[in-house]
Amino acid sequence: INAEYMGIQEMSNPAFKTTNGKYGETWLSAKQASPLKEDVPTYAQLGEKDLLVKHSLKVYKNEKIQEILAEHEQKRDEKEELELKMSTVPIKTKGFPVEEGKVKYPTPSNFSGNPLYKTSSMGYGSTLPTNYDLPNRYYPRSTQFTEAFLGHTFTDTGLQTAKSKSGVAKEYDGYFH
């Protein structure tokens, strides 16, 4: 079969070339010139670059971890210093305000005197505390926190999630806010 008879030109269509000697001589996108102006790196060079990147990432992570550990150690040292400072602050103690013979309990109002109606919880406070039961000292807390309040009542300004009730009819509950 004649190639010219079928309308196919041998030189213009690469599928009909007989040898591959002409492939890749020129690049169409580069206007008949080779687009590779620099040397193409070898696999060894690419591998070295990859190893350098991996090594630099490991070094960076190591440095960050060291910084974080140093910050944690500094915070721990500050906390220990604060605890030491707080432990050396003298705590003011007072003697316990109640003495052995001065404790008085009120009479139970629900006990009618009949032992049939006596419960086990009525046994609490039946005997006066002895000197061994009362503490020698107690450690009152400072009222500085409570004194900081100005006496205002707390107003809740949070999100209201309950259904609002209608003043007209039950069918309208939850529709009004």
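Visitor: What makes the contact between the side chains of Glu67 and Lys64 a salt bridge?

Guide: Happy to start there, in this predicted model. The N to O distance between the two side chains is 3.6 Å. The cut-off for a Lys or Arg nitrogen and an Asp or Glu carboxyl oxygen is within 4 Å, so the pair qualifies. Glu67 and Lys64 both belong to helix H1, where 3 residues, about one turn of the helix, separate them.

Visitor: Why is Glu67 called partly exposed?

Guide: Its relative accessibility is 42%. Buried means under 20% and exposed means over 50%, so a value in between is called partly exposed. Lys64, at 36%, is therefore partly exposed as well.

Visitor: How do you know that Lys54 forms a salt bridge with Asp50?

Guide: The closest N and O atoms of Lys54 and Asp50 are 3.7 Å apart, and the limit is 4 Å, so this pair counts too. Both residues sit in helix H1, 4 residues apart, or about one turn.

Visitor: What makes Arg76 and Glu80 a salt bridge?

Guide: Their closest N and O atoms lie 3.9 Å apart, and the criterion is within 4 Å, so the pair is counted. Arg76 and Glu80 are 4 residues apart in helix H1, which means about one helical turn between them. Arg76 is partly exposed at 46% relative accessibility, and Glu80 is partly exposed at 44%.

Visitor: Which residues are linked with Arg76 in a network of salt bridges?

Guide: Asp77 and Glu80 are the partners in that network. Across the whole structure, the search finds 5 salt bridges.

Visitor: How many of the protein's residues count as buried?

Guide: Of its 177 residues, 3% do. To be in that group, a residue needs under 20% relative accessible area. The protein exposes about 18200 Å², with carbon and sulfur atoms supplying 56% of that area.

Definitions and conventions
Residues numbered from 1 in each chain as written. Predicted model: local features only at pLDDT ≥ 70, side-chain atom pairs only at ≥ 80, totals over all residues. Heavy atoms only, no water. Buried < 20%, exposed > 50% of the residue type's maximum accessible area, 1.4 Å probe, protein only. Areas by Shrake-Rupley, 256 points an atom, 1.4 Å probe, with all protein chains shown as cover. Helix = DSSP H or I, 4+ residues; strand = E, 2+ residues; numbered from the N terminus.
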